[in-house]
Amino acid sequence: QVQLQESGPGLVEASQALSLTCTVSGVSITTGYAYWSWIRQPPGKGLEWIGYITYSGDTEYSPSLKSRTSISRDTSKNQFTLQVTSVTPEDAAVYYCARDVLNRWWYDSWGRGTQVTVSS
C-alpha cells in the first residue's frame, strides 16, 4: 500500500520561501515509472498542477510557476520536497503530494493535503 504524507509550515510570510516535504511509504520513490507530483488548490478554485520529480530524478514544472518552483528528492529518506520562493497571498492553498504512473495525469495515491497560509 502506497501512502504519502505532506509536512511543513502552515504559515509563510509573503516574499519568503515555502518548503513542503512529502514522505512516501510502501514503495521506493525510485521505482519505475512514477511521477511524484505536487498539486495545489486555492480557496474556491480548482486543482492546479505545480510540477513533478520522476523516479529517475527528472523534473518538470508548470510554466506559470517554473521561475519560482523547485522540486527535489532525498532517496535515502524516501522523500521529495517542494520549494516555492517569493510567495504571495495568491500562493495560499491546500497543497497535495500525489503519485502519477506512466505520466497519465491521473493520480492513484494522494496525501491528505496541508493548508498553507501566507501572511503579509
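I take a salt bridge to be a side-chain nitrogen of Lys or Arg within 4 Å of a carboxyl oxygen of Asp or Glu. I am working on a predicted model, where local features need pLDDT of at least 70 and side-chain atom pairs count only at pLDDT 80 or more, while totals for chains, interfaces and linings use all residues. Residues are numbered from 1 along each chain as its sequence is written, and side-chain values use heavy atoms, with hydrogens and water left out.

**Entry: salt bridges**

I looked up the salt bridges and found four in the structure. I started with Arg99, whose side chain meets that of Asp108 at 2.7 Å, N to O. For burial I use relative accessible area: buried is under 20%, exposed is over 50%, and partly exposed is in between (1.4 Å probe, protein chains only). Arg99 has 14%, so I noted it as buried. Asp108 has 32% and therefore counts as partly exposed.

Within it, Arg40 bridges to Glu48, with the closest N and O atoms 2.7 Å apart. Arg40 is at 6% relative accessibility, so it is buried. Glu48 is at 24% and counts as partly exposed.

I then checked Asp91, which forms a salt bridge with Arg40 at 2.9 Å between the closest N and O atoms. This pair links distant parts of the chain: Asp91 sits in the loop between strand S8 (79–84) and strand S9 (93–101), Arg40 in strand S4 (residues 34–41), and they are 51 residues apart. Strands here are DSSP runs (E, at least two residues), and helices are runs of H or I, at least four residues, numbered from the N terminus. Both Asp91 and Arg40 are buried.

**Entry: the S8–S9 loop**

I stayed in this loop for Ser86, which also lies between S8 and S9. Ser86 is partly exposed, at 41% relative accessible area. I count a contact as heavy atoms within 4.5 Å. Leaving aside neighbours within four places in sequence, Ser86 contacts Ser15, Gln16, Arg68 and Asp91. Ser86 and Arg68 are 18 residues apart in sequence, and their C-alpha atoms are 7.0 Å apart.

**Entry: nonpolar cores**

I define a nonpolar core as a set of buried Ala, Val, Leu, Ile, Met, Phe, Trp, Tyr and Cys residues joined through side-chain atoms within 4.5 Å. The largest has 26 residues, and those touching the most other members are Leu18, Val24, Trp36, Trp38, Phe80, Leu82 and Tyr95. Two or more residues come from each of strand S3 (18–25), S4, strand S5 (48–54), S8, S9 and strand S11 (114–119). Which strand gives the most to this core? It is S3, with four residues.

Not counting residues up to four places away in sequence, Val24 touches Gln3, Leu4, Ile29, Trp36, Asn78 and Phe80.

**Entry: a four-stranded sheet**

I traced an open sheet of four strands in the order S1-S3-S8-S7, paired antiparallel. Pairing requires that DSSP finds at least two bridges between two strands. Strand S1 (3–7) and strand S7 (69–74) are at the edges with a single partner strand each, so one side of each has no neighbour in the sheet. S7 and S8 run antiparallel and are joined by six bridges. Ser70 stands opposite Gln83 in S8.
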